[in-house]
Amino acid sequence: MTSPIALIDCNNYYVSCERAFDASLVGVPVIVLSNNDGCAIARSAEAKALGIKMGDPAHHLRDLIRRHGIQVRSSNYTLYGDMQRRVLAACQAFVRDFEIYSIDEIFLDLAGFDDRDLVDHAHRLRAQVLRWTTIPTCVGIADTKTLAKLANAAAKKQPRFGGVADLRDERLRQDVMRAFPVSDVWGVGKATALKLAALGVTTAAGLRDMPMKQARGVGTVVLERLVAELRGIPADAVEAVEPQRKGMAVTRSFGTPVTDFDGLMGALSQYALRAGEKLRNHGLVAGRLTAFFHTNKHKPDRPQYAGSRAVTLHPMTSDSLELIAAARRCAERAWRDGYAYTKAGILLDDLMASADRPRTLFEADTEKRDRLMAALDEVNERFGTFTAVTAGQGFKRQWRLRSEMRSPAWTTRIDEVPTVRA
């Protein structure tokens with residue numbers, strides 16, 4: 001017998017995080033913008049009611065924002081990440097284990113709690129998260145991750161569930177699956193949905209009843225596993241250990257176009273510094289680095305160029321200074337004068353655990369550099385990302401992302417912690 005799995009999803013997460021520290025945003029339409037204040041990536045219920053869609057460009061919304069007094073905020077990922085940690089802390093007493101699926105969704109292993117009324121258990125969990133963080137949530141309960149995803153969607157969209165849907169009840173599961181579009185099933189992409197529609201499979205129930213062999217023919221083993229999960233057969237257990245990464249990337253669009261090599265190298269240095277930090281956090285080293293940069297593809301009337309070069313890292317490393325040096329070699333080979341670059345990035349491949357990396361015959365002692373990297377990480381963790389940086393990043397940093405409406409770092413910077421007066 002399988003243990004029940006739950007998925008807790010934070011409603012309008014970015015907006016809810018902003019509201020947690022700014023009461024003036026409660027009850028009014030709010031949107032949060034993507035990097036460089038480009039488009040809407042989070043909307044309050046009030047903003048959705050005004051017709052704002054996910055991904056709507058901010059410059060198309062100016063009249064609507066002015067007419068309805070919509071509050072706009074730039075993305076504050078430091079705040080959102082810290083609030084996720086608080087949500088996790090609120091969940092701990094209610095679960096045996098958990099798996100973070102995204103910044104606002106967490107799979108919960110309810111093994112050991114299945115002798116209880118799990119709907120009531122989930123309501124108490126939601127109440128604790130709300131009390132500790134002010135963030136509203138919905139919970140879906142089922143025997144597999146795919147069904148838990150479906151249950152969560154039902155809990156969110158159908159008021160009759162009151163924020164918690166338990167699809168272990170067969171009658172309820174049948175009712176929900178018959179009305180659930182197959183294109184909305186977790187893991188079914190647009191191309192696969194079109195293939196299924198051509199076969200007359202338009203709902204989750206139809207996909208569940210599809211022969212396994214036929215499912216594999218339509219969508220490989222991935223779709224076959226989805227069919228199994230919709231039938232209540234877990235494809236895998238909740239992952240207690242994070243799967244090994246195969247690649248890693250740090251990419252950004254620039255706040256202001258970059259036209260000189262030093263400016264580009266300043267950005268690439270920052271991205272390489274961050275990439276090294278991510279490698280060390282995961283106990284990994286990289287064997288290959290790619291640096292790329294390009295002009296604005298959405299302005300075809302402007303001169304266009306995209307540069308990209310890759311180098312092998314020998315020996316494999318997570319040393320940020322080595323990564324910056326490698327990024328410079330790539331950039332020097334790919335650079336072209338006379339263009340306005342609007343985006344750049346660092347890609348890392350051939351990753352493996354640091355302890356398993358192959359040694360080279362003449363490899364230098366890295367003990368001092370390891371201590372330097374550890375000290376760099378400690379400073380940046382304690383005082384904020386990019387507190388300590390390399391000189392190559394410069395001081396002006398005109399390539400930094402635009403975030404003109406970003407809220408304070410309410411929980412991570414001592415000078416921005418809210419002040420309360422009695």
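Helices (H or I, at least four residues) and strands (E, at least two) are runs assigned by DSSP and numbered from the N terminus. By that definition, the chain of this predicted model holds 13 helices and 13 strands.

**Overall dimensions**
- The chain has a radius of gyration of 24 Å, which agrees with the value near 22 Å that a compact globule of 422 residues would have.
- Along its principal axes, the C-alpha trace of the chain spans about 65 × 60 × 50 Å.

**Burial, contacts and surface**
- Among contacts between residues at least 6 apart in sequence, 68% join residues that are at least 24 apart.

**Strand β10 and its partners**
- Strand β10, which covers residues 284–295, is mostly covered, with eleven of its twelve residues buried.
- β10 runs antiparallel to strand β11 (residues 306–317), to which eight bridges join it, and in this pairing Ala 291 stands opposite Arg 309 of β11.
- β10 also pairs in the antiparallel sense with strand β12 (residues 341–349) over eight bridges, where Phe 293 stands opposite Ala 344 of β12.
- A further antiparallel pairing, over two bridges, links β10 to strand β13 (residues 352–353), and there Val 285 has Met 352 of β13 as its bridge partner.

How values were computed:
Residues are numbered from 1 along each chain as its sequence is written. This is a predicted model: local features need pLDDT of at least 70, side-chain atom pairs count only at pLDDT 80 or more; totals for chains, interfaces and linings use all residues. Side-chain values use heavy atoms; hydrogens and water are left out. The radius of gyration is taken over C-alpha atoms; the globule rule is 2.2 Å times the number of residues to the power 0.38. Contact means heavy atoms within 4.5 Å. Buried means under 20% relative accessible area, exposed over 50%, partly exposed in between (1.4 Å probe, protein chains only). Two strands pair if DSSP finds at least two bridges between them.
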